[in-house]
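The following exercises concern a predicted model. Each task is followed by a solution in steps.

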Amino acid sequence: MSGGELIINTPLAMQVTPADWPGGYWWHWLFFTVAIIVFMLVMVIGAIYIERRAMGKMQSRIGPNRTGPFGLLQPVADAIKVLLKENIVPGTADKIVHFLAPIVAFTPVLMIFAVIPFQNGALLADLNIGILYVVAVSSIATVGVFMAGWGSGNKYSLLGAMRDIAAVVSYEIPLVLAIIGVVIVSGSLSMNEIVTSQDIPYILVQPLGFLLFFIAACAEINRSPFDLTEADSELTAGFHTEYSGMKFAMFYLVEYAEAMAMSAVITTLFLSGWRGPWLPPWLWFIIKTVIVFFVMVWTRTTLPRVRIDQLMGLAWKFVLPLALINLFITAIEVIFWPDVSQWFFVIVNIALAAILVILFSKLFKPGWGRVEV
Amino acid sequence: MTAALSAKEIVSQLSARFPGAIEEAGLDSALVKSESLPAAAEYLKTAEGLKYEYLNYITAVDYYDYFEVVYMLTSLEYNRSVTFKVRCYSRDNPSVPSLTGLYQGADWQEREVYDLMGITFEGHPNLKRIFLWEGYNGYPLRKDWNR
Amino acid sequence: MTTTQELTLKTEPFVLNMGPLHPSTHGVYRMRVTLDGEVVLDIEPIFGYLHRGIEKLMEERTYTGCIPLTDRLDYASAMSNNFSYCLAVEKLGGIKVPERAEYIRVITAELQRIANHCLAIGAMLNDAGALGTPFFYLWRQREKIYDLFEMLCGQRVLYNYMRIGGVSQDLPDEFLPAVKKFIPQLRHFIDEYEFFLKQNEILIARAKGVGILSKELATNYGISGPVARASGIRWDLRKNDPYSVYDRFEFDIPTRENGDCYDRYRVRMEEMKQSLRIVEQSVKQVPGGPFRTEVNQVIRPPAGEAYAHIEGPKGELGYYIVSDNSIAPYRSHIRSTSLINLGALRQMVKGWKVADLILIFGSIDITMGEVDR
């Protein structure tokens with residue numbers, strides 16, 4: 001198996017810039033910071049457009065097609081509209097918490113992009129604990145959501161925020177366990193090395209891991225079918241009910257930026273990142289990210305929402321045991337048969353994944369029912 | 001076909017059990033005295049061969065001399081229905097016993113009659129206005145209500 | 001120090017006001033929900049926001065002039081209101097309706113039932129969180145029925161089509177061929193929607209076993225319509241107390257035993273298919289002849305009273321009309337389905353969660369126009 005042994009004994013220092021980067025350290029940092037911000041904003045605008053058009057087409061309607069050619073300027077129009085709205089703060093709100101919440105929710109999402117490789121070696125910081133950094137940082141956004149729910153002074157928002165905390169906490173563990181499967185196979189925590197070691201994309205080598213990571217990621221970023229924190233048929237708008245203007249724009253941005261960030265992480269971990277023939281690597285990266293995002297939009301349009309106790313039941317009784325079993329199987333495969341070709345494990349893993357998923361879905365009872373009052 | 005019980009049959013069945021309860025019998029409904037209303041309704045609901053367990057509606061009509069509260073029950077088992085009425089002659093404080101204990105569906109319909117006609121139902125657990133707001137003055141569906 | 005006693009968390013119930021303006025209460029309906037965390041302990045429904053005093057207004061209009069008022073009651077299925085009112089007045093006045101008019105009434109009433117169930121199922125699934133996809137698909141069929149009705153009487157939603165003694169206009173020539181063309185299309189689409197939704201895991205997890213209404217409770221509350229039939233009460237006025245020409249058609253009454261949200265959804269789906277059967281049969285049997293008995297525009301039925309009820313799409317819709325031989329009804333009471341069906345909501349939701357409360361409320365299929373009159 002490529003990757004060799006797991007190496008975690010280098011000091012946790014930031015990788016120095018590649019030797020051939022013109023201008024040195026600060027120029028590299030500046031270029032990538034600006035590139036990441038621009039990339040993220042452009043991708044979010046693209047994401048909003050793709051979501052609305054694709055969702056519209058799937059629902060047998062057209063979607064926005066008036067603003068600009070094919071409705072391409074619709075997200076821009078949305079942004080301008082939201083920015084021009086009055087910033088209303090409710091009287092009973094906790095002012096400081098209410099003000100800081102969008103910032104706390106938005107910053108970690110940008111930070112995730114710092115370790116995602118766009119090309120071989122082209123990332124802001126080639127941390128050798130890359131994926132660990134991603135997991136750690138992505139959880140901070142939840143604190144922002146809870147601050148929003150509490151600081152609004154509104155029972156609906158509080159309910160929504162509570163649900164969000166429950167969901168995120170429940171799905172952290174399966175998320176990390178699915179990642180560890182990939183780390184074991186590739187032998188490194190660094191994002192760039194995970195991509196370079198994917199001669200076969202890890203979606204084939206770790207099908208169960210991919211499935212579990214996808215479910216856990218959808219739950220973490222509150223995408224349907226797990227979007228109960230902003231269930232607009234139940235809680236008006238959940239934790240961002242009381243936000244308007246630029247702050248609401250931040251939350252709206254966070255939702256799509258997180259989706260894009262998770263799509264980028266999935267691309268890096270499972271779809272072999274920037275690797276691909278003929279086209280330039282960064283274009284491959286973008287194409288793959290967009291495809292993963294499209295799959296997220298697809299599940300959003302197709303599936304109804306789960307209930308909060310069903311969500312947590314799914315996490316603890318279905319996804320977590322499967323993640324543990326996946327980890328065991330992967331570890332056994334890597335330790336006992338390190339020299340066997342990976343294609344053999346592809347077939348074995350796909351078969352095992354199918355069997356386990358079917359078995360567990362028969363045994364699994366979602367949620368609990370009525371409570372005696 | 002839901003056979004609507006004709007007045008004669010209602011009269012014969014009820015007056016055997018509750019002598020003096022029936023005052024008059026119209027064309028296809030019977031007039032019941034308001035004191036014997038709960039007992040008569042319970043008999044109609046539970047007796048063998050009657051089993052009128054389904055309450056269709058409760059409403060009230062304002063004839064200028066009296067109010068008339070109309071009830072219609074249906075027996076799903078035997079596919080029959082019966083209509084009976086209760087009159088209250090007082091204009092200031094009309095009152096009729098409530099059937100909420102027997103039929104829970106009577107709850108809101110009696111509240112509606114109270115709200116719009118002003119007829120109180122004794123024994124109702126929660127007699128408040130249902131459509132109009134608390135503190136509204138008057139009973140709009142009465143014939144002598146001027147807006 | 002853990003003991004064998006379970007550690008109970010001290011909680012305090014709070015009251016959440018799901019106000020009259022809410023994205024998912026169908027119309028202006030307000031509930032004060034007592035919650036313990038996510039569990040619903042009690043609800044207190046408050047309505048009357050749409051009270052227009054229609055019963056009083058009907059006392060000041062001629063019998064024919066009341067027909068547009070009746071449209072506005074259950075505005076999601078206007079034809080059935082017209083039907084029931086006209087039946088009541090015809091019973092009062094002893095007016096006989098010609099055969100052709102009876103058949104036209106049956107066709108429009110059944111098409112209206114299909115349209116209403118499209119809306120009901122779509123709205124219920126919207127409340128379940130399926131962000132509008134089934135809603136849009138089902139709404140397309142409702143739009144086609146709107147087109148048929150527009151061909152018939154020029155109106156799409158509130159028709160004012162039936163008159164005392166028949167209907168107001170004859171069928172245009174292209175109506176029956178259009179209906180004949182529509183029937184197989186709709187059958188195909190209903191099968192398609194059933195295929196999407198019947199085995200959907202998330203829908204089953206959300207709706208099966210949720211909000212159970214027992215048969216005894218349903219009878220005691222006076223529940224009628226698909227809600228009652230889903231609880232096991234085999235009662236349909238088209239079979240048990242036939243009116244108009246319903247005794248000439250062959251159709252089944254779908255009944256299920258559990259009385260949960262899933263059963264109500266299934267009953268409505270099956271009823272759509274049965275309505276299609278009735279439409280098919282009646283389209284073949286429509287006779288020629290007059291479409292209306294000649295009665296005065298301003299009729300004076302003899303003094304007396306009458307009660308006529310129909311099996312509307314939501315349940316038993318009846319009119320109790322008292323006449324004193326003048327041009328306006330002396331008193332007309334509307335036996336409103338939605339008000340009486342709504343009475344059972346309180347017992348159905350105790351012990352379930354907020355998400356279930358919304359779903360259960362959607363599954364009863366309430367139109368506030370009928371509740372408040």
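**Exercise 1. Contacts between chains**

Task: Determine between which chains the most contacts are found among the two pairs of chains that touch, and state how far apart the closest C-alpha atoms of chain A and chain B lie.

Solution: 
- Step 1. Of the two pairs of chains that touch, the pair formed by chains A and C has the most contacts.
- Step 2. Chain A and chain B are joined by no contact. Their closest C-alpha atoms are separated by 20 Å.

**Exercise 2. The side of chain C that touches chain B**

Task: Describe the contact of chain C with chain B by residues, elements and classes.

Solution: 
- Step 1. On chain C, 25 residues are in contact with 23 residues of chain B.
- Step 2. The elements of chain C that each supply two or more residues to this side are the helices α1 (54-58), α8 (215-221) and α12 (337-342), together with the strands β7 (316-323) and β8 (331-335).
- Step 3. Sorted by class, this side of chain C comprises ten polar, nine nonpolar and six charged residues.

**Exercise 3. The fold of chain A**

Solution: 
- Step 1. Along the principal axes, the C-alpha atoms of chain A fill a box of roughly 65 × 65 × 45 Å.
- Step 2. Buried residues make up 47% of the 373 residues of chain A.
- Step 3. Among contacts in chain A with a separation of 6 or more, 80% come from residues 24 or more positions apart.

**Exercise 4. Two helices of chain A**

Task: Classify the packing of helix α3 (residues 95-112) of chain A and helix α10 (residues 246-270) of chain A from their angle, and name the residues that meet.

Solution: 
- Step 1. The two helices pack at an angle of about 30 degrees, and their axes are 9 Å apart.
- Step 2. Angles under 35 degrees count as roughly parallel; α3(A) and α10(A) are therefore roughly parallel to each other.
- Step 3. The crossing in which α3(A) passes α10(A) is left-handed.
- Step 4. From α3(A), the residues Pro102(A), Ala105(A), Phe106(A), Val109(A) and Ile112(A) take part. They meet residues of α10(A), including Lys247(A), Met250(A), Phe251(A) and Glu258(A).
- Step 5. The residues of this contact of α3(A) with α10(A) are divided into eleven nonpolar, two charged and no polar.

Definitions and conventions: Residues numbered from 1 in each chain as written. Chains lettered and ligands numbered in written order. Predicted model: local features only at pLDDT ≥ 70, side-chain atom pairs only at ≥ 80, totals over all residues. Buried ≥ 20, exposed ≤ 12 C-beta atoms within 10 Å, placed from the backbone. Contact = placed C-beta atoms within 7 Å. Helix = DSSP H or I, 4+ residues; strand = E, 2+ residues; numbered from the N terminus. Nonpolar A, V, L, I, M, F, W, Y, C, P; charged D, E, K, R; others polar. Axes fitted to C-alpha atoms, helices over the stretch in contact; angles between N-to-C directions. Parallel < 35°, antiparallel > 145°, perpendicular 65-115°, else oblique. Left-handed = near helix turned anticlockwise from the far one by under 90°.
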